[in-house]
Amino acid sequence: MRTYRGELGGRPWVGYALETTDDIAYAWRWLKDNQPRAMALDTETDGLHTFSGDGLRLVQFGTEDVAFVVPVERGRAFQEFAADIVRKVPELVIHNAAFDLLVLGEHLKVKVEELEGKTVDTKILAHLVDSRQDFEGGVGTSLKPLSAWYIDPAAPDTQSGLTAEFRKIGHTKATGWRHIPYENDTYAEYAALDVILTSRIRPILEAELVKHGIPERLVAYEHRLMAICARIERRGMLLDVEYTEGLVDRLQEDAERHARVAQRYGVENLNSTRQVAEALQGMGETLTETTPSGALAVGKEVLLPLADLDGKWQPMGVRKANPLADAVLRSKRAAKWRKSYAVAMLENRDAEDRVHPKTNTLGAKTGRASVSDPPLQQLPSKGWEIRRCIVADPGELYFSVDQSSVELVVLAALSGDQAMCDAVRSGRNLHDYTATLMFGKDFTEYQRGLAKIGGLGASYQGGPAALSKMTGLPEPEMRDVMRRYMRAYPTLKPWFKGLQRQALANGCEIRTPSGRRLVLDRDRLYKAVAYVCQSTARDTMGQALVDLDDKGLTPYLTSWIHDEVIGTAPESEVGEVAQEVARTVQMELYGVPISTDADVYGKSWANGYKLPPEWHVK
C-alpha cells in the first residue's frame, strides 16, 4: 500500500493507494474503527463515455482527512470491496454525482436507484450558492476553483497536473486517462486528493446555503432532478446506424457543395473572417459588428439576417437572401452536424446501438438544463435530418409532450398582467391575441410574427437594437413593436422596473419563486426579467419531471429538452402514455395554467418534424 501525505489550508491529510488484498483488510479495519457516517466518493475512468467502452479504473472514497484509492481494474476482490463500500456507507458526497453514479451502475452493478437517496452532490450545492462562472464575478462550480476559493488558494489543480503526466508518457488529455499506470504517484495522489477536497468543501457550501437563505426544498429538488435525468441517460436512445452512416456522407457532400458556392464569390476558406467579410462588402453588404480584435464579424448572428433567416433557420421574408451568407452558413452547419452529431453518435454508441445524451440539469446560470454528447438542444426546431438518426425500439413509437408558450405564460403569471393572464386562462392563442391588441383584429401573418418578436423582447428584455440584430428587421420597426407590445400589456413595464429596483436594493440579486438565487451584473440589471422568467420556466418543467417520476413514468422518457419531454412507449399504449404525461406536466403558476401539447410521432423522433415519406422507418 502506497501512502501519500500533504496539507491543505494548514490541515494535514493522508491518502492510501491499495495494492493487495491485505490492503483491503486494512481499509475495512479503518472503516470499522472510525465508522464515518458520510464519505466522499469519486471514480477514475478511461474517458467520459460511460456506456460505449470506457472502463472504470479506480474508485476512491474518504473523509476530510483520510482517503483510500481502490484499483478496481485489478480484479474482483477490489471491485467487490468498492461495491460494498458504496452500498453500506450511510451517505455519499460526490462532485458531479450523475457521472459517477452511472459509472458505478455500469461497471459495479450498483444502480442509481440504490444510491440517489443518500447522495449529496457538491456541484449542485455550489450552483445554488452562486451560479456565476469566474469571468462573471463568481467562483464557478468545478472542484478546483471551489477548492482554491474556499479551502486553500494553493490547492493543486489535479486536471492540469495529470495532463502534464499524460504528456510524459506520450499521451494527450483525451487518451492519457486510459494509459497512465496506476503506479504513477501523481495519478494515485490526485485521485485521493479529489475526495479529500470534496469532503471538505461540502460543509462550507452547506454553510453558504444557510447564509444565503437557500431553501432546503430546493436543494432536495435539484438532487431528485439530477437522479431522474441520470436514469433517463442510462436508458438512452436507439440509433439507426445505417441511416446515420449514410447521413455522414450526405452531410459531407452538402458541406462541399455549399463551399463551392462560396468559392464562386471569392471565398476559398470559409473560416477566414477576412475573406468572407471582404466578399460580402464587395456584394454591397454593410458590416458593422466587430470581433474583440477589431476585425469585422461574420459569425452566425451576422450571417443569418443577411441570408434572410431567423434564429431557427426559417425564412423571415424581409429582404433578398444574400447567396454567399447562405452558402457559408449551410456549409458550416453541415460540417458541424456531421462531426458533432452523426459521427459522434456512431463513435459513442453502446454495444446495443444506443446513444446516451448527457443532461446537465444545471447547465446555465439560470438553472436551465443543457444536453451534450450530442447537444440535442441546439438542433433547429424544425429540422428532421439529425432527429431521423433516433428511432424507437421495435414495437414502440415516439411521443412528445411540451409546455405551450411556457416562458410567456411565466411572464404573465409573475407580472400579474390582467389581460395576458385572462388570455391564457381562456385558452386563447397568446400570439394571436397579442397581435389583435397590437394591430387590430385584421392583423396579418407578418404582424403576428411581430407580436411574437414583441413577446421575445419582453421575456428576454432585448431592446430594439438587440431585436434588430437578431431578426434583421430595421431598428425603428423594432422600437415600434416594443411600444405596441407594452401598450397591449401595461402592467409589464412597471413590473420590469420594480424587479430591477428590487435587485439593486438586494445587492444585484434576485430570487425566483423556487427560492433560487441569481446574481446580476450591476450594469445589466435589465437581465433580471430574462433570468427570472427562464429560471421559473425551467423549474416548472423540472417539477413536471419529478411528478412524472412519482407516477412511475420516467422509464418511458428518453430526453428532456427545454420545455419538452420525449419518450417511447409500446404502440398499443403510446397514446394513453402520452396523454398521461401531458396531464402530469400540466400545472398552474400563481393561478395561471401552463397547458401542454401531446403528440405521437411514430417510429422515429423525426416523424414529428415533417419527415419526408421516403425517409420513414420501414
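1. The radius of gyration is taken here over C-alpha atoms, and the rule for a globule is 2.2 Å times the number of residues to the power 0.38. With 618 residues, a compact globule would have a radius of gyration near 25 Å, and the protein has 26 Å, which agrees. Along its principal axes, the C-alpha trace spans about 85 × 60 × 55 Å.

2. A word on the basis of these values: this is a predicted model, in which local features need pLDDT of at least 70 and side-chain atom pairs count only at pLDDT 80 or more, while totals for chains, interfaces and linings use all residues. Residues are numbered from 1 along each chain as its sequence is written, and side-chain values use heavy atoms, with hydrogens and water left out.

3. The protein has 23 helices and 20 strands, where helices (H or I, at least four residues) and strands (E, at least two) are DSSP runs numbered from the N terminus. Among contacts with a separation of 6 or more, 66% are made by residues 24 or more positions apart, a contact being heavy atoms within 4.5 Å.

4. Of the 618 residues, 56% count as buried, meaning under 20% relative accessible area, with a 1.4 Å probe and protein chains only. The accessible surface of the protein comes to about 27,100 Å², and 48% of this belongs to carbon and sulfur atoms; the areas come from the Shrake-Rupley method with a 1.4 Å probe.

5. The protein carries 77 positive and 86 negative side chains, and the centres of the two sets lie 4 Å apart. Lys and Arg count as positive and Asp and Glu as negative, without His and the chain ends, and each charge is placed at NZ of Lys, CZ of Arg, CG of Asp or CD of Glu.

6. In helix α6, which covers residues 143-150, the residues L143, L146 and S147 are buried. Seen down the axis of α6, these buried residues fall within an arc of 100°, so they line one face of the helix; the arc is that of the directions from the helix axis to the C-beta atoms. They pack against α5 (122-129) and α9 (185-211).

7. Helix α19 (residues 464-471) has L467, S468 and T471 buried. Seen down its axis, the buried residues of α19 fall within an arc of 105°, so they line one face of the helix. Their cover includes α18 (445-460) and α20 (475-488).

8. Why does S468 count as buried? Its relative accessibility is 17%, and therefore S468 counts as buried. Leaving aside neighbours within four places in sequence, S468 is in contact with L473, P474, E475 and M478.

Terms used. Buried means under 20% relative accessible area, exposed over 50%, partly exposed in between (1.4 Å probe, protein chains only).
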